[in-house]
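Here is a friendly note to read beside the structure. Please keep the 3D view open and find each residue as it comes up.

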Amino acid sequence: MAGSHSTPGGQLVQETDHYASVRGARVVLVDDDGVRANMSASWLAQMGWEVAVLDGLTADDFSEQGDPAAVLPPAPPADEITPAQLAELLEQPGTVLLDFTTSANYVARHIPGAHWVIRSRLPLALENLPPAERYVLTCGSSLLARYAVPDVAALTGKPVRLLAGGTQAWIAEDRPLVSGEGRLISPRIDRYRRPYEGTDNPREAMQAYLDWEFGLVAQLERDATHGFNVL
C-alpha cells in the first residue's frame, strides 16, 4: 500500500521503538487477510499506543512496489571536500576526522585516523578529542554526518568540512582503511546487544535477562508509568 512500511507484527510489538521511534505516535496497521493487523493492534493498544486498523481494502490497494522513500529533514549546507582533499588535510597538524557511522561499521573498517562519535554525545566526545584547527566529518554515505556539521561548528567555533560521499567515496578510490576499536570516543551504545545474541555472552548476562523477563509482572505492578493495560 502506498506510504506503508512492511513490518512483521511480532517484531512491531517486541521492538516497537525500532519502527515507531516517537513514543505515543499514532500507528495505523493494514494487512491483506484481516487477521495480522488486528492481532498486532490489540497488543499495541494494551501497551498504550494510539493504534487503528484500516479496513475495507482491496487487492488494488496493494499494488505499490519497492521501498518507500525516506522522509528526511532539510539537509543543512556544508563545505564539502573530496577524498583527495581529505588525504591532504590529514597530513596537516590540527585536522580531526569524525566518523558518525554505526559502531559496527566503524570497527569493521574506517579511514585511518578517524574518531568514532555519536552525535547525541558530541559535547562530551569533543572534550576527549585532541586539539583541532579544523574538523572533517564522515559516515557511510555522508548523509548522517551532514546533519552534524552545524552541531560541531557551534560547539567548537572551528571550520568544519564534510567528506562528499562519505567513507564509501574514500573506499571507491581504493584508499587505505583500518579496522578495530582504536579510536572509539563515544561508548558503543548505538545498538543494544541482546543477552541471548551470539554465543560468546557470559552466563550471568543470560541469567539476568531471564530474571528480568520472569519479573516483568511484578515490575508492572510497581511502575505506574508503563501504560500497559490488559484489554
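1. Let us begin with charges. The count comes to eight salt bridges, where a salt bridge is a side-chain nitrogen of Lys or Arg within 4 Å of a carboxyl oxygen of Asp or Glu. As background, side chains of opposite charge can pair when their charged atoms come close.

2. A word on the source. This is a predicted model, in which local features need pLDDT of at least 70 and side-chain atom pairs count only at pLDDT 80 or more, while totals for chains, interfaces and linings use all residues. Residues are numbered from 1 along each chain as its sequence is written, and side-chain values use heavy atoms, with hydrogens and water left out.

3. Which residues are linked in a network of salt bridges? They are Asp32, Asp33 and Arg36. Arginine 36 meets aspartate 32 at 2.4 Å, N to O, and it also bridges to aspartate 33, with the closest N and O atoms 3.0 Å apart.

4. Aspartate 32 is exposed, at 59%. Arginine 36 counts as partly exposed at 47%, and aspartate 33 counts as partly exposed at 41%.

5. Another salt bridge joins the side chains of glutamate 181 and arginine 188, at 2.8 Å from N to O. Glutamate 181 is partly exposed, with a relative accessible area of 47%, and arginine 188 is partly exposed as well, at 37%.

6. Now look at the sheet. Five strands form an open sheet with parallel pairing, in the order β3-β7-β6-β4-β5. Strands (E, at least two residues) and helices (H or I, at least four) are DSSP runs numbered from the N terminus, and two strands pair if DSSP finds at least two bridges between them.

7. Next come the rings. The structure holds one aromatic pair. Tyrosine 209 and tryptophan 212 form this tilted pair, 5.8 Å centre to centre with 35° between the planes. Rings of Phe, Tyr and Trp (its six-membered ring) pair if their centres lie within 6.5 Å; planes under 30 degrees apart count as stacked, over 60 as edge-to-face and the rest as tilted. Both residues lie in helix α9 (residues 203–214), three residues apart, about one turn of the helix. Tryptophan 212 is partly exposed, at 43%.

8. A charge meets a ring elsewhere: arginine 175 lies over the face of tryptophan 170, at 5.5 Å from the ring centre. The rule asks for NZ of Lys or CZ of Arg within 6 Å of the ring centre and within 35 degrees of the ring normal.

9. Finally, the domains. The domain assignment, which is automatic or from a database, gives domain 1 (9–61) and domain 2 (80–184). Their centres, taken over C-alpha atoms, are 38 Å apart.

Methods. Buried < 20%, exposed > 50% of the residue type's maximum accessible area, 1.4 Å probe, protein only.
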